[in-house]
Amino acid sequence: MSTRIAFLKGHGTENDFVIVPDPENAIDLTPAAVAALCDRRAGIGGDGLLHVVRSAAHPEAKEMAAEAEWFMDYRNGDGSIAEMCGNGVRVFARYLQRAGHVAEGDIAVATRGGVKTVHLAKDGDVTVGMGRARLPEGDVTVSVGERSWPARNVNMGNPHAVAFVDDLADAGDLLSPPPFSPAAAYPDGVNVEFVVDRGPRHVAMRVHERGSGETRSCGTGACAVAVATARRDGADPAVTGTPATYTVDVPGGRLVITERPDGEIEMTGPAVIVAEGEIDAEWLAGVVG
(Lines give C-alpha, C1' and ligand atoms only; values in the text may rest on other atoms or scores of the structure.)
Protein backbone atom coordinates (compact mmCIF):
# COMPACT_ATOMS: atom_id res chain seq x y z
CA MET A 1 0.00 0.00 0.00
CA SER A 2 1.28 3.47 -0.80
CA THR A 3 2.00 5.85 2.06
CA ARG A 4 -0.88 8.07 0.96
CA ILE A 5 -4.45 7.21 -0.01
CA ALA A 6 -6.66 9.56 -2.01
CA PHE A 7 -9.95 10.68 -0.46
CA LEU A 8 -12.72 13.20 -1.04
CA LYS A 9 -15.38 14.66 1.24
CA GLY A 10 -18.97 15.17 0.14
CA HIS A 11 -22.49 15.59 1.46
CA GLY A 12 -26.13 15.28 0.48
CA THR A 13 -28.38 17.57 2.54
CA GLU A 14 -25.53 17.65 5.07
CA ASN A 15 -25.41 13.87 5.45
CA ASP A 16 -21.64 13.77 4.98
CA PHE A 17 -19.26 11.11 3.78
CA VAL A 18 -15.60 10.28 3.40
CA ILE A 19 -15.11 9.01 -0.17
CA VAL A 20 -12.28 6.53 -0.85
CA PRO A 21 -11.75 5.74 -4.56
CA ASP A 22 -10.41 2.20 -4.87
CA PRO A 23 -11.40 0.79 -8.28
CA GLU A 24 -9.57 -2.52 -7.87
CA ASN A 25 -10.57 -3.09 -4.23
CA ALA A 26 -6.93 -2.96 -3.13
CA ILE A 27 -7.39 -1.04 0.15
CA ASP A 28 -8.21 -3.02 3.29
CA LEU A 29 -10.81 -0.82 4.96
CA THR A 30 -11.37 -2.60 8.25
CA PRO A 31 -14.20 -1.47 10.55
CA ALA A 32 -11.58 0.16 12.79
CA ALA A 33 -10.07 2.03 9.83
CA VAL A 34 -13.49 3.30 8.73
CA ALA A 35 -14.35 4.41 12.25
CA ALA A 36 -11.02 6.27 12.51
CA LEU A 37 -11.56 8.05 9.19
CA CYS A 38 -15.12 9.04 10.15
CA ASP A 39 -14.05 10.36 13.57
CA ARG A 40 -14.83 14.09 13.56
CA ARG A 41 -12.02 15.05 15.92
CA ALA A 42 -9.20 12.62 15.24
CA GLY A 43 -9.99 11.75 11.61
CA ILE A 44 -11.59 13.34 8.56
CA GLY A 45 -15.14 13.16 9.85
CA GLY A 46 -18.31 11.80 8.31
CA ASP A 47 -21.60 10.04 8.95
CA GLY A 48 -20.31 7.23 6.78
CA LEU A 49 -17.76 6.17 4.20
CA LEU A 50 -18.24 5.56 0.46
CA HIS A 51 -15.75 2.97 -0.77
CA VAL A 52 -15.76 3.32 -4.58
CA VAL A 53 -15.01 -0.06 -6.18
CA ARG A 54 -15.60 -1.57 -9.61
CA SER A 55 -18.31 -4.18 -9.19
CA ALA A 56 -16.23 -6.84 -10.91
CA ALA A 57 -13.48 -6.37 -8.30
CA HIS A 58 -15.68 -6.85 -5.22
CA PRO A 59 -16.92 -10.30 -4.14
CA GLU A 60 -20.27 -8.89 -2.98
CA ALA A 61 -20.92 -7.11 -6.29
CA LYS A 62 -19.53 -9.40 -8.99
CA GLU A 63 -22.98 -10.67 -9.90
CA MET A 64 -24.13 -7.09 -10.52
CA ALA A 65 -21.16 -6.13 -12.72
CA ALA A 66 -23.07 -6.69 -15.97
CA GLU A 67 -25.69 -4.15 -14.85
CA ALA A 68 -23.53 -1.64 -12.97
CA GLU A 69 -19.82 -0.96 -13.41
CA TRP A 70 -19.44 0.67 -9.98
CA PHE A 71 -20.25 -0.67 -6.50
CA MET A 72 -20.98 1.54 -3.50
CA ASP A 73 -19.36 -0.38 -0.65
CA TYR A 74 -21.07 1.68 2.03
CA ARG A 75 -19.98 1.74 5.69
CA ASN A 76 -21.59 3.44 8.67
CA GLY A 77 -19.58 5.87 10.75
CA ASP A 78 -18.83 3.17 13.34
CA GLY A 79 -17.34 0.92 10.67
CA SER A 80 -20.31 -1.41 10.35
CA ILE A 81 -21.67 -2.37 6.93
CA ALA A 82 -25.03 -1.07 5.67
CA GLU A 83 -27.18 -2.27 2.80
CA MET A 84 -27.92 1.11 1.28
CA CYS A 85 -27.67 4.87 1.83
CA GLY A 86 -29.88 7.16 -0.25
CA ASN A 87 -27.89 10.36 0.32
CA GLY A 88 -24.70 8.37 -0.08
CA VAL A 89 -25.61 7.02 -3.50
CA ARG A 90 -26.29 10.56 -4.75
CA VAL A 91 -22.87 11.70 -3.53
CA PHE A 92 -21.34 8.51 -4.96
CA ALA A 93 -22.78 9.36 -8.39
CA ARG A 94 -21.56 12.94 -8.09
CA TYR A 95 -18.04 11.62 -7.42
CA LEU A 96 -18.21 9.34 -10.48
CA GLN A 97 -19.21 12.37 -12.57
CA ARG A 98 -16.41 14.51 -11.11
CA ALA A 99 -13.86 11.78 -11.78
CA GLY A 100 -14.97 11.50 -15.41
CA HIS A 101 -16.31 7.97 -15.06
CA VAL A 102 -19.87 9.00 -16.00
CA ALA A 103 -21.65 11.94 -17.62
CA GLU A 104 -25.00 13.66 -17.09
CA GLY A 105 -28.01 11.43 -17.52
CA ASP A 106 -28.85 7.97 -16.21
CA ILE A 107 -26.29 5.66 -14.62
CA ALA A 108 -26.50 2.41 -12.62
CA VAL A 109 -24.88 1.95 -9.22
CA ALA A 110 -24.56 -1.41 -7.48
CA THR A 111 -25.31 -1.48 -3.75
CA ARG A 112 -25.93 -4.19 -1.18
CA GLY A 113 -29.59 -3.22 -1.59
CA GLY A 114 -29.45 -4.02 -5.32
CA VAL A 115 -28.70 -1.98 -8.45
CA LYS A 116 -29.98 1.60 -8.23
CA THR A 117 -30.67 3.89 -11.19
CA VAL A 118 -29.36 7.42 -10.71
CA HIS A 119 -30.10 10.48 -12.85
CA LEU A 120 -27.59 13.34 -12.88
CA ALA A 121 -29.55 16.42 -13.93
CA LYS A 122 -28.14 19.53 -15.57
CA ASP A 123 -29.45 21.69 -12.72
CA GLY A 124 -27.24 19.85 -10.24
CA ASP A 125 -29.89 17.78 -8.50
CA VAL A 126 -29.55 14.02 -8.42
CA THR A 127 -32.50 11.64 -8.59
CA VAL A 128 -32.17 8.08 -7.35
CA GLY A 129 -34.47 5.18 -8.12
CA MET A 130 -34.79 3.75 -4.62
CA GLY A 131 -36.78 0.64 -5.52
CA ARG A 132 -39.93 -0.45 -3.73
CA ALA A 133 -40.69 -0.26 -0.05
CA ARG A 134 -41.64 -3.36 1.88
CA LEU A 135 -44.10 -2.96 4.74
CA PRO A 136 -43.63 -5.87 7.16
CA GLU A 137 -46.75 -6.62 9.17
CA GLY A 138 -46.96 -6.38 12.92
CA ASP A 139 -47.15 -3.58 15.46
CA VAL A 140 -43.94 -1.73 16.37
CA THR A 141 -43.36 0.76 19.17
CA VAL A 142 -40.45 3.18 19.68
CA SER A 143 -39.64 5.01 22.90
CA VAL A 144 -37.81 8.07 24.18
CA GLY A 145 -37.53 8.22 27.95
CA GLU A 146 -40.94 7.43 29.43
CA ARG A 147 -42.85 8.15 26.22
CA SER A 148 -43.72 5.67 23.48
CA TRP A 149 -45.27 5.94 20.03
CA PRO A 150 -46.58 3.43 17.49
CA ALA A 151 -44.31 3.24 14.46
CA ARG A 152 -44.70 2.07 10.88
CA ASN A 153 -42.26 -0.66 9.90
CA VAL A 154 -40.85 0.23 6.47
CA ASN A 155 -37.99 -1.56 4.73
CA MET A 156 -36.12 0.34 2.00
CA GLY A 157 -33.41 -2.29 1.62
CA ASN A 158 -32.57 -1.33 5.20
CA PRO A 159 -34.96 -1.24 8.16
CA HIS A 160 -36.88 1.82 9.38
CA ALA A 161 -39.34 2.61 12.15
CA VAL A 162 -41.36 5.77 11.40
CA ALA A 163 -43.11 7.47 14.33
CA PHE A 164 -45.42 10.51 14.03
CA VAL A 165 -44.98 12.93 16.92
CA ASP A 166 -46.32 16.35 17.94
CA ASP A 167 -42.92 18.05 18.07
CA LEU A 168 -39.50 17.06 16.75
CA ALA A 169 -38.11 17.82 20.21
CA ASP A 170 -40.01 14.74 21.39
CA ALA A 171 -37.20 12.67 19.84
CA GLY A 172 -34.81 13.80 22.58
CA ASP A 173 -31.09 14.04 21.86
CA LEU A 174 -30.99 10.88 19.68
CA LEU A 175 -27.47 10.14 20.93
CA SER A 176 -28.44 6.57 21.76
CA PRO A 177 -30.64 4.27 19.68
CA PRO A 178 -34.30 4.75 20.70
CA PRO A 179 -35.60 1.52 22.26
CA PHE A 180 -38.12 -0.42 20.20
CA SER A 181 -40.36 -3.40 20.61
CA PRO A 182 -40.79 -6.17 19.78
CA ALA A 183 -37.07 -6.95 19.57
CA ALA A 184 -37.76 -9.55 16.85
CA ALA A 185 -38.95 -6.81 14.48
CA TYR A 186 -35.39 -5.55 13.95
CA PRO A 187 -32.83 -8.23 14.83
CA ASP A 188 -29.98 -6.16 13.36
CA GLY A 189 -31.10 -2.78 14.71
CA VAL A 190 -33.13 -0.07 12.99
CA ASN A 191 -33.11 3.50 11.73
CA VAL A 192 -35.74 5.48 13.63
CA GLU A 193 -37.50 8.52 12.15
CA PHE A 194 -39.58 11.01 14.15
CA VAL A 195 -41.98 12.98 11.92
CA VAL A 196 -44.17 16.09 12.18
CA ASP A 197 -46.49 17.67 9.62
CA ARG A 198 -45.55 20.96 7.98
CA GLY A 199 -48.38 21.26 5.43
CA PRO A 200 -50.14 19.34 2.64
CA ARG A 201 -47.79 16.60 1.39
CA HIS A 202 -45.03 18.27 3.43
CA VAL A 203 -43.39 16.82 6.55
CA ALA A 204 -40.22 17.26 8.59
CA MET A 205 -38.17 14.59 10.30
CA ARG A 206 -35.29 13.80 12.63
CA VAL A 207 -33.52 10.47 12.46
CA HIS A 208 -31.30 8.19 14.49
CA GLU A 209 -29.32 6.21 11.93
CA ARG A 210 -28.26 2.76 12.99
CA GLY A 211 -24.50 2.81 13.57
CA SER A 212 -24.16 6.59 13.15
CA GLY A 213 -26.42 8.33 15.70
CA GLU A 214 -28.46 11.37 14.73
CA THR A 215 -27.56 12.58 11.25
CA ARG A 216 -28.47 15.74 9.37
CA SER A 217 -30.28 13.70 6.75
CA CYS A 218 -31.14 10.14 5.76
CA GLY A 219 -32.23 9.39 2.20
CA THR A 220 -33.73 5.95 2.77
CA GLY A 221 -35.30 7.39 5.92
CA ALA A 222 -36.94 10.20 3.94
CA CYS A 223 -38.34 7.58 1.54
CA ALA A 224 -39.63 5.50 4.44
CA VAL A 225 -41.24 8.62 5.92
CA ALA A 226 -42.95 9.49 2.62
CA VAL A 227 -44.29 5.95 2.28
CA ALA A 228 -45.54 5.86 5.88
CA THR A 229 -47.15 9.30 5.52
CA ALA A 230 -48.87 8.36 2.28
CA ARG A 231 -50.36 5.29 3.96
CA ARG A 232 -51.49 7.39 6.93
CA ASP A 233 -53.05 9.93 4.55
CA GLY A 234 -54.87 7.31 2.48
CA ALA A 235 -52.68 8.20 -0.52
CA ASP A 236 -51.21 4.78 -1.32
CA PRO A 237 -50.42 5.09 -5.06
CA ALA A 238 -51.17 1.41 -5.63
CA VAL A 239 -54.71 2.09 -4.47
CA THR A 240 -55.30 5.56 -5.90
CA GLY A 241 -53.47 4.96 -9.19
CA THR A 242 -51.83 8.38 -8.78
CA PRO A 243 -48.19 9.09 -7.86
CA ALA A 244 -47.71 10.47 -4.35
CA THR A 245 -45.07 13.18 -3.95
CA TYR A 246 -43.97 14.43 -0.54
CA THR A 247 -41.52 17.14 0.43
CA VAL A 248 -39.45 15.95 3.37
CA ASP A 249 -37.49 18.51 5.36
CA VAL A 250 -34.43 17.17 7.17
CA PRO A 251 -32.11 19.18 9.45
CA GLY A 252 -29.65 19.51 6.57
CA GLY A 253 -32.03 20.55 3.79
CA ARG A 254 -34.92 19.23 1.72
CA LEU A 255 -35.64 16.08 -0.27
CA VAL A 256 -38.51 15.36 -2.64
CA ILE A 257 -39.85 11.81 -2.67
CA THR A 258 -42.24 10.38 -5.26
CA GLU A 259 -43.84 6.93 -5.05
CA ARG A 260 -45.43 5.70 -8.28
CA PRO A 261 -48.44 3.38 -8.63
CA ASP A 262 -46.09 0.51 -9.51
CA GLY A 263 -44.38 0.99 -6.14
CA GLU A 264 -41.14 2.44 -7.47
CA ILE A 265 -39.80 5.33 -5.39
CA GLU A 266 -37.66 8.22 -6.60
CA MET A 267 -35.71 10.61 -4.38
CA THR A 268 -34.40 13.97 -5.62
CA GLY A 269 -31.94 16.22 -3.83
CA PRO A 270 -28.52 17.87 -3.96
CA ALA A 271 -25.11 16.18 -3.85
CA VAL A 272 -21.92 18.17 -3.31
CA ILE A 273 -18.20 17.36 -3.30
CA VAL A 274 -16.51 19.84 -0.97
CA ALA A 275 -12.87 18.73 -0.73
CA GLU A 276 -10.24 16.22 -1.75
CA GLY A 277 -6.88 15.25 -0.38
CA GLU A 278 -4.73 12.38 0.84
CA ILE A 279 -4.89 10.12 3.86
CA ASP A 280 -1.56 9.32 5.51
CA ALA A 281 -1.52 5.51 5.42
CA GLU A 282 1.05 5.36 8.21
CA TRP A 283 -1.30 7.37 10.46
CA LEU A 284 -4.18 5.07 9.54
CA ALA A 285 -2.11 1.96 10.28
CA GLY A 286 -1.11 3.48 13.60
CA VAL A 287 -4.60 4.29 14.81
CA VAL A 288 -6.04 0.88 13.91
CA GLY A 289 -2.97 -1.25 14.56
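R98 is partly exposed in this predicted model, with a relative accessible area of 47%. R98 forms a salt bridge with E276, and the closest N and O atoms are 2.7 Å apart. R98 lies in helix 2 (residues 86-98) and E276 in strand 18 (residues 272-280), so the bridge ties together parts that are 178 residues apart in sequence. E276 is exposed, at 54% relative accessible area.

A further bridge also spans the chain. R112 pairs with D73, with 2.6 Å between the closest N and O atoms. This pair links distant parts of the chain, 39 residues apart. R112 sits in the loop between strand 5 (105-111) and strand 6 (114-120), while D73 belongs to strand 4 (residues 70-76). Are the two partners buried or exposed? R112 counts as partly exposed, at 22% relative accessibility. D73 counts as buried, at 0%.

The count of salt bridges comes to 22. Another of them joins D16 to K9, with the closest N and O atoms 3.3 Å apart. Both D16 and K9 are buried. The pair is also part of a network of salt bridges that links K9, D16, R40 and D47.

The largest nonpolar core has 52 residues. Which residues have the most contacts inside it? They are M72, M205 and I257. Helix 3 (residues 219-232) gives this core its largest share, eight residues. A second, separate core has 17 residues, including A151, A161, F194 and A204.

I257 is worth a look on its own. Neighbours within four places in sequence are set aside here. I257 is then in contact with A222, C223, A226, A244, T245, Y246, V248, I265, E266 and M267.

One of those contacts is a cysteine, C223. C223 counts as buried, at 0% relative accessibility. How many disulfides does the model hold? The count comes to zero. C218 is in no disulfide, and the nearest cysteine sulfur, that of C85, is 6.6 Å away. A disulfide needs the two sulfur atoms within 2.5 Å. C218 is buried, with a relative accessible area of 3%.

Next comes a buried histidine. H208 is found in strand 13 (residues 202-209). H208 is buried, with a relative accessible area of 4%.

W283, V287 and V288 make a nonpolar surface patch of about 220 Å². V287 is found in helix 5 (residues 281-288). At 43% relative accessibility, V287 counts as partly exposed.

The peptide bond from S181 to P182 is cis, with omega near 0°. P182 is found in the loop between strand 11 (180-181) and strand 12 (191-199).

E14 lies in the loop between strand 1 (4-12) and strand 2 (15-21). E14 is partly exposed, with a relative accessible area of 35%.

R201 also has a positive phi, near 50°, in a residue other than glycine. R201 lies in the loop between strand 12 and strand 13. At 38% relative accessibility, R201 counts as partly exposed.

Conventions
Residues are numbered from 1 along each chain as its sequence is written. This is a predicted model: local features need pLDDT of at least 70, side-chain atom pairs count only at pLDDT 80 or more; totals for chains, interfaces and linings use all residues. Side-chain values use heavy atoms; hydrogens and water are left out. Helices (H or I, at least four residues) and strands (E, at least two) are DSSP runs, numbered from the N terminus. Buried means under 20% relative accessible area, exposed over 50%, partly exposed in between (1.4 Å probe, protein chains only). Patches are made of residues with over 30% relative accessible area and no salt bridge: like charges are joined within 9 Å, nonpolar side chains (Val, Leu, Ile, Met, Phe, Trp, Tyr) within 5 Å. Accessible areas come from the Shrake-Rupley method with a 1.4 Å probe; for residues, only the protein chains shown count as cover. A salt bridge is a side-chain nitrogen of Lys or Arg within 4 Å of a carboxyl oxygen of Asp or Glu. A nonpolar core is a set of buried Ala, Val, Leu, Ile, Met, Phe, Trp, Tyr and Cys residues joined through side-chain atoms within 4.5 Å. Contact means heavy atoms within 4.5 Å.
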